[in-house]
There are 2 protein chains.
Amino acid sequence: MPYKANVVVRYKKSVLEPQGQAILLSLREQGDESFLDVRVGKYIEILLEAENLQAAEEKVRKLAEDLLHNPVMENCSITVSQDD
Amino acid sequence: MPYKANVVVRYKKSVLEPQGQAILLSLREQGDESFLDVRVGKYIEILLEAENLQAAEEKVRKLAEDLLHNPVMENCSITVSQDD
């Protein structure tokens, strides 16, 4: 059965995130002081085959651990649902 | 008033997304054929000051157009809510 999963990978709050800082700096240079923080993370869309929702979640969790995120610096949230 | 916004930037379906392809290739090399597609996009978290929700949405929409996404290759979705 096909399942789709979304994985959001974000730097931990304690880690400086350079891409967002660059965007913030660019906004400040344009004279816009209303943006207080910008942080850039990854949004990963996955399409997979699995026997059931639980198996799909397990596969995606393992993929996220192995290839998608670095637990020292990043947090990761996963949502899995049946693909219509 | 503080608002938080999330911007998800994704490559259009018609555009080859190399990071996701690399992950998919790595999974295939490990012998896992159950993953059908992987696409990597950006997830941007923004904290900003604005007078009201409409003004906040307008600011974030302009930021997304100017700095966060390339409309030729990418789609962009924005959600804005009051920061608690």
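The model is predicted: local features need pLDDT of at least 70, side-chain atom pairs count only at pLDDT 80 or more, and totals for chains, interfaces and linings use all residues. Residues are numbered from 1 along each chain as its sequence is written, chains are lettered from A and ligands numbered from 1 in the order in which they are written, and side-chain values use heavy atoms, with hydrogens and water left out.

**Interface**

- Chain A gives 27 residues to the contact and chain B gives 27 residues. Contact means heavy atoms within 4.5 Å.
- About 2600 Å² is buried between chain A and chain B. Carbon and sulfur atoms give 63% of that area. Buried area is the accessible area (1.4 Å probe) that two parts lose on being put together, summed over both.
- On the chain A side, Phe35(A), Tyr43(A) and Glu45(A) lose the most area to chain B. Together they make up 22% of what that side buries.

- Helices are DSSP runs (H or I, at least four residues), numbered from the N terminus.
- Axes are lines fitted to C-alpha atoms over the stretch in contact, and angles run from 0 to 180 degrees between N-to-C directions.
- H1(A) brings Ile23(A), Ser26(A) and Leu27(A) to the contact, and H2(B) brings Leu63(B), Leu67(B) and Leu68(B).
- By class, this contact of H1(A) with H2(B) has five nonpolar, one polar and no charged residues. Ala, Val, Leu, Ile, Met, Phe, Trp, Tyr, Cys and Pro count as nonpolar, Asp, Glu, Lys and Arg as charged, and the others, Gly among them, as polar.

**Helix H2 of chain A with helix H1 of chain B**

- H2(A) packs on H1(B) (residues 18-29) at about 110 degrees, with the axes 12 Å apart. That makes H2(A) roughly perpendicular to H1(B).
- Leu63(A), Leu67(A) and Leu68(A) meet Ile23(B), Ser26(B) and Leu27(B) here.
- Leu67(A) lies in H2(A), residues 53-68. Leu67(A) is partly exposed, at 33% relative accessible area. Buried means under 20%, exposed over 50%, partly exposed in between (1.4 Å probe, protein chains only).

**Cysteines**

- Cys76(A) counts as partly exposed, at 28% relative accessibility. Cys76(B) is partly exposed, with a relative accessible area of 28%.

Note on methods:
Helices (H or I, at least four residues) and strands (E, at least two) are DSSP runs, numbered from the N terminus. Angles under 35 degrees count as roughly parallel, over 145 as roughly antiparallel, 65 to 115 as roughly perpendicular and the rest as oblique.
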